[in-house]
Amino acid sequence: MHGLARTLHLAFGIFANATAFFIFLAPIGTFKRIIKKRSTEEFSGFPYVITFLSCMLGAWYGLPFVSPNNILVTTIDGIGTVIELAFVVIFIVFAPKNEKKKIGVLLILVVGIFVAVALLSVFVFHGRIRQLFCGFAALICAAIMYFSPLSVIRVVMKTKSVEFMPFLLTFSMVLCATAWLIFGLLEKDPFVYVPNAVGCGVGVLQLILYAIYSEKTIFMTIKRSFSHGMLQINAMPQHEKKQPSITSSKYDELV
């Protein structure tokens, strides 16, 4: 790459890093709740373990000796690895015994997968074969991660509500995937642009559903609030419902 292409490649990489960082921090509210309640409730730890593996593989793939001109992939995925590991550890600490064991075993498994990929890429594969091997490993895991919102899409279509699909997070994911898609296209690296094309498509589908169901969600929220208010009024004692009003004559006397 030369000139404008290199500048655009850098610009989109930096933008993708910024949006990805925001997305990595998005679950902080969930984990504050887990720590406060000292329980994982109905939350699943699976997405965080898979994202942890995806970040490790992505960070490894971006290293200069594996693939050229992808150091910005390593920077953000390295940060993501630390953040996701913290989330997984918190989840294990506060999870029920059975869930704790399941996520613990899964964590050991994904660390084992990463170690195997790293060792094979250092001692067995070299040059272009190394890049292909690490690239396919990162691509498969990233595709699984990007397909995970399909469960949320199913809930939205079933309930006809976008209550569990925050617009800002969804929009940020589309921006992030689009930036990485362009970043990969400029470098002509299919291991970067293919999974992010998938992420882009899933994100756009989510935005379309948001546009379809958001008004219905707002209407349902207003309706629930109105119904709740009416129930409170009906539950009030009769003497509180009928407050005596001051007539004009009484008001004049007071003045």
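I began with Lys-102, which forms a salt bridge with Glu-99, the closest N and O atoms being 3.4 Å apart; by salt bridge I mean a side-chain nitrogen of Lys or Arg within 4 Å of a carboxyl oxygen of Asp or Glu. Lys-102 and Glu-99 both belong to helix α5, residues 97-123, where they sit three residues apart, about one turn of the helix. Helices here are DSSP runs of H or I with at least four residues, numbered from the N terminus.

I noted that this is a predicted model, in which local features need pLDDT of at least 70 and side-chain atom pairs count only at pLDDT 80 or more, while totals for chains, interfaces and linings use all residues. Residues are numbered from 1 along each chain as its sequence is written, and side-chain values use heavy atoms, with hydrogens and water left out.

I then looked up accessibility, and Lys-102 counts as exposed at 51% relative accessibility, given that buried means under 20% relative accessible area, exposed over 50%, and partly exposed in between (1.4 Å probe, protein chains only).

Searching the whole structure, I found three salt bridges. Arg-33 pairs with Glu-41 at 2.7 Å between the closest N and O atoms, and Lys-37 also meets Glu-41, at 3.5 Å from N to O. Arg-33 is partly exposed at 40% relative accessible area, and Glu-41 is partly exposed at 29%. Through shared partners, salt bridges join Arg-33, Lys-37 and Glu-41 into one network.

Technical notes
Helix = DSSP H or I, 4+ residues; strand = E, 2+ residues; numbered from the N terminus.
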